[in-house]
Amino acid sequence: VIRCRAAVAWAPSKLSVEEVEVAPPKAGELVASSICRTDEYLLQGSFPNAEFPVIPGHEGAGIVESVGEGVTSMKSGDNVMPLSIPQCGECSFCRNPESNYCQKSHISEPQNVLPDKTTRFSCKGKQIHHFLWVSTFAEYTVVPEYTVAKIDAAAPLDKVCLLGCGFSTGYGAAINTAKVKPGSTCAVFGLGGVGLSVVMGCKAAGASRIIGVDINKDKFAKAKELGATDCINPRDFQKPIQEVLTEMTGHGVDYSFEAIGHTDTMIAALASCNMSTGVCVMVGDLDSGSEISINPTLLLTGRTWKGTVLGGSWKPRECIPKLVSGYLEKKFNSDLLITHTLPFAKVNEGFELLRAGK
Ligand code: NAD
Ligand code: ZN
């Protein structure tokens, strides 16, 4: 049993840094230290199927401390990235080359405890739940073998951790889910870490016009640096933003992306792509229980409305290591997305910066 620090959410809203006990991996599991990221939905109590108390975090990178019996794909000392979407390799979606949504993923089968239905975390005599089987807000965590990818030993863990969720999600939404074509027009709603990664993906795919949409104009400079050709703030216009985008582009953009997580902006993004061949990709997560109602004519004329998780068709265990190699070969610069680096004890400060749009 390892004692280490972890950020525990005893209930929704706040994290407290506690000393926890982490039980050793059992058969088919391994242990990796990790780096934290934002899990605001979980903290607000609006993440579907979650259970408290919990150690959040799902975007990390670490080093294997030890492996459980029968683990063969990695060993102690390997650099790894825990994955928020597993790749069991056996289910029908894992066997389908077009899908990355393993049937062992959280929405199908809650991942609040490990596959053997027990937890490896305890604190003050209480069992603590896992989050998405990864719980990266801990110095040590235990994850199933098929929920971790082995990555290049040269990768800087404090930088490539972004590839564990946000960057890969946004970049892959453009390249794999929308399949953005050279010379096309794109609109990206929300210019946070995920939306900026969509901008990078659209640019890499050769889009000729990329319009960033955000209510926080402080995001525009970075968006332009990463490839946005125009940036607009819906609050600067009297009319709905979908009408503004339609006028700017003639008939609407070829591809629109929603990377905010609001029902109204999802509908606006859908209405912003052209009525015939337009493709709208839903990237933002909605509060559990949300519902959207739309005028079906929006789809009748040919528009396509899609969703995406962790980069669309990228199989996590195979493709995340390739993305890490791409990072090392400087095919893209995800370091530009890093705005602050904080010590673990300041995990709550990180969330305050996120809430403040910083
Ligand atoms: P973020 O908070 O950093 O960015 C959101 C941006 O949206 C901010 O810049 C904010 O100013 C802007 N915004 C808020 N309301 C707006 C409005 N009404 N109109 C225009 N802009 C508005 O968040 P993030 O980390 O980039 O994540 C974005 C979304 O993607 C979240 O919903 C997150 O849960 C989701 N997400 C989905 C996946 C997936 O696999 N599908 C993976 C990671 C994150
Ligand atoms: Zn699977």
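In what order do the strands of the open sheet of 6 strands lie? The order is β12-β11-β10-β13-β14-β15, and the pairing is parallel. Keep in mind that this is a predicted model. Strands of a sheet pair through backbone hydrogen bonds, either parallel or antiparallel.

The edge strands are β12, residues 230-232, and β15, residues 304-307. Each of these two pairs on one side only. Now look at how the strands lie against each other. On average, neighbouring strands of this sheet are turned by 15 degrees, with direction ignored.

A helix lies against this sheet. Helix α7 spans residues 241-249 and packs on the sheet. There, α7 touches β10 (185-189), β11 (209-213) and β12. The direction of α7 makes about 160 degrees with that of β11.

Next, follow α7 to another helix. Two packed helices are described by the angle between their axes and the distance between the axes. For α7 and helix α8, which covers residues 263-272, the packing angle is about 20 degrees. Their axes are 8 Å apart. Angles under 35 degrees count as roughly parallel, so α7 is roughly parallel to α8. The crossing of α7 past α8 is right-handed.

Which residues make this contact? From α7 come I241, Q242, L245 and T246. From α8 come A268, A271 and S272. Sort the residues of this contact by type, and you get 4 nonpolar, 3 polar and no charged.

Strand β13, residues 255-258, pairs with β14 in the parallel sense over 4 bridges. Find F257 in the model: its bridge partner in β14 is V281.

Two positions let you trace the pairing by eye. C280 stands opposite W305 in β15. M282 stands opposite G307 in β15. In a regular strand the side chains alternate between the two faces of the sheet.

Now turn to another sheet. How many strands does the open sheet with antiparallel pairing have? It has 4 strands, in the order β1-β2-β6-β7. At its edges are β1, residues 2-8, and β7, residues 126-128. Each of these edge strands pairs on one side only. Neighbouring strands here are turned by 45 degrees against each other on average, direction ignored.

Look inside this sheet at one pair. Strand β2, residues 16-22, and strand β6, residues 121-123, pair in the antiparallel sense over 2 bridges. To find the place, look for E21, which stands opposite S122 in β6.

Finally, check two spots in the loops. K124 is found in the loop between β6 and β7. Its phi is near 50 degrees, a positive value in a residue other than glycine. The other spot is P53, in the loop between α1 (40-43) and β4 (62-67). Is the peptide bond from F52 to P53 cis or trans? That bond is cis, with omega near -10 degrees.

Definitions and conventions:
Residues numbered from 1 in each chain as written. Chains lettered and ligands numbered in written order. Predicted model: local features only at pLDDT ≥ 70, side-chain atom pairs only at ≥ 80, totals over all residues. Heavy atoms only, no water. Pairing = 2+ DSSP bridges. Axes fitted to C-alpha atoms, helices over the stretch in contact; angles between N-to-C directions. Contact = heavy atoms within 4.5 Å. Parallel < 35°, antiparallel > 145°, perpendicular 65-115°, else oblique. Left-handed = near helix turned anticlockwise from the far one by under 90°. Nonpolar A, V, L, I, M, F, W, Y, C, P; charged D, E, K, R; others polar.
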